[in-house]
Amino acid sequence: MTNPAVERAVALARAIPKAELHIHIEGSLEPELIFALAQRNGVTLPYASVESLRAAYAFTDLQSFLDIYYAGASVLLKAEDFHDMAWAYFLRAKADNVVHAEIFFDPQTHTVRGVPMATVVEGLSSACRQAETELGVSSALILCFLRHLSEEDAFATLEAALPYREHFIGVGLDSSELGHPPEKFERVFARCRALGLRLVAHAGEEGPPDYMWQAIDLLKVQRIDHGVACLQDPLLVAELAHTRLPLTVCPLSNLKLCVVRDLREHPLKTMLDAGLCATVNSDDPAYFGGYMNANFEQTVQALGLSCADVLILAHNSFEASFVDAAQRQRWMALASRAAATA
Ligand code: ADE
Ligand code: ZN
């Protein structure tokens with residue numbers, strides 16, 4: 001049975017202007033594009049067809065996903081491959097009324113295969129410029145360090161990226177969380193802070209609240225990616241409500257990686273009710289069954305969110321973004337207008 005209030009909230013969620021702040025561009029690589037790039041580049045894949053690759057997308061936890069995600073990225077060799085991947089994402093973002101995207105990329109996944117940093121950055125940057133001029137979608141790049149690799153490797157990656165400093169606004173921390181606490185990267189993040197880079201980190205996805213405290217206290221991050229584990233620690237929830245340190249939540253990712261058993265058990269509404277600056281994002285949409293609006297629609301339906309909740313989520317996405325205050329206000333006003341006329 002459909003609930004008219006929920007249906008109105010779903011329609012608003014689709015239409016409202018929003019920012020996406022947690023998208024791994026390599027996680028937007030659809031199976032069809034993986035096969036097309038494999039053919040273009042003469043790469044042999046361990047899957048016979050798009051269907052058999054997609055059939056492998058049955059994950060039990062974060063690591064089971066990462067193994068396939070890194071294998072998929074092996075088809076990316078040339079700047080135009082990175083461009084084409086990002087452009088495909090921007091078309092989806094535009095269709096979902098995403099007006100601004102802060103996009104993660106994982107350079108170590110590519111440099112380890114001999115792909116130069118310049119190739120990665122130039123391909124992604126040219127798609128970002130094209131998205132601005134042709135689609136009116138604004139964007140920025142955030143370089144992520146792979147936390148399963150060493151501190152030394154992260155420092156070397158930062159050095160390799162510094163010639164392209166104007167192409168990215170900040171750094172993040174991703175990959176296998178358990179066993180790789182934020183403290184491992186305290187010195188790298190201190191160096192990035194000194195360079196004036198924005199700082200974010202994945203924490204509290206599969207890891208404990210203590211990893212979120214480390215991200216805050218040691219890495220001094222300005223946002224936490226995921227952060228759903230915060231609800232296990234009332235002091236942490238109080239701190240996050242007080243500081244409004246944003247959390248980039250990814251509901252379909254949490255479902256597909258078995259962080260929650262059912263979307264109806266997702267903590268997003270509890271987080272909003274606690275006054276947290278929680279946002280909705282797609283994480284790795286090609287692998288988790290949907291882009292921004294799929295995340296919004298399914299979460300609104302599962303949790304029975306209202307139009308007021310949807311407006312708060314859109315406002316939070318702009319509050320949490322790294323755009324300047326005037327642009328943030330303009331987009332928040334646009335979102336308010338969409339809600340007023342819904
Ligand atoms: N890399 C891509 N997606 C990720 C996720 N959900 N968690 C950690 N690292 C990732
Ligand atoms: Zn992520």
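**Helix packing and a zinc site**

Glu151, Ala154, Phe155, Leu158 and Glu159 of helix α8 meet Arg187, Val188, Arg191 and Cys192 of helix α9, where contact means heavy atoms within 4.5 Å. Helices (H or I, at least four residues) are DSSP runs, numbered from the N terminus. By class, this contact of α8 with α9 has five nonpolar, no polar and four charged residues; Ala, Val, Leu, Ile, Met, Phe, Trp, Tyr, Cys and Pro count as nonpolar, Asp, Glu, Lys and Arg as charged, and the others, Gly among them, as polar.

The model is predicted: local features need pLDDT of at least 70, side-chain atom pairs count only at pLDDT 80 or more, and totals for chains, interfaces and linings use all residues. Residues are numbered from 1 along each chain as its sequence is written, chains are lettered from A and ligands numbered from 1 in the order in which they are written, and side-chain values use heavy atoms, with hydrogens and water left out.

Helix α8 (residues 151-161) and helix α9 (residues 186-194) pack at about 20 degrees, with their axes 9 Å apart. Axes are lines fitted to C-alpha atoms, for helices over the stretch in contact, and angles run from 0 to 180 degrees between N-to-C directions. The angle makes α8 roughly parallel to α9 (under 35 degrees; over 145 is roughly antiparallel, 65 to 115 roughly perpendicular and the rest oblique).

A second pair is helix α2 (residues 31-41) and helix α5 (residues 79-95), packed at about 165 degrees with axes 12 Å apart. That makes α2 roughly antiparallel to α5. Leu33, Leu37, Arg40 and Asn41 of α2 make the contact with Glu80, Asp81, Asp84 and Met85 of α5. Three nonpolar, one polar and four charged residues take part in the contact of α2 with α5.

The axes of helix α10 (residues 209-219) and helix α11 (residues 234-243) cross at roughly 35 degrees and come within 10 Å. Here Pro209, Met212, Trp213 and Ile216 of α10 touch Leu235, Leu236, Glu239 and Leu240 of α11. The contact of α10 with α11 has seven nonpolar, no polar and one charged residues.

The zinc ion (ligand 2) is coordinated by His22 (NE2), His24 (NE2), His202 (NE2) and Asp283 (OD), at 2.0 to 2.2 Å. Donors are N, O and S atoms within 2.8 Å of the metal (3.2 Å for Na, K and Ca); water is not among the atoms, so sites may look incomplete. In sequence the donor residues of the zinc ion (ligand 2) follow the spacing H-x1-H-x177-H-x80-D.

Arg328 lies in helix α17 (residues 325-340). Leaving aside neighbours within four places in sequence, Arg328 is in contact with Phe318, Glu319, Ser321 and Val323.

How values were computed: Helices (H or I, at least four residues) and strands (E, at least two) are DSSP runs, numbered from the N terminus.
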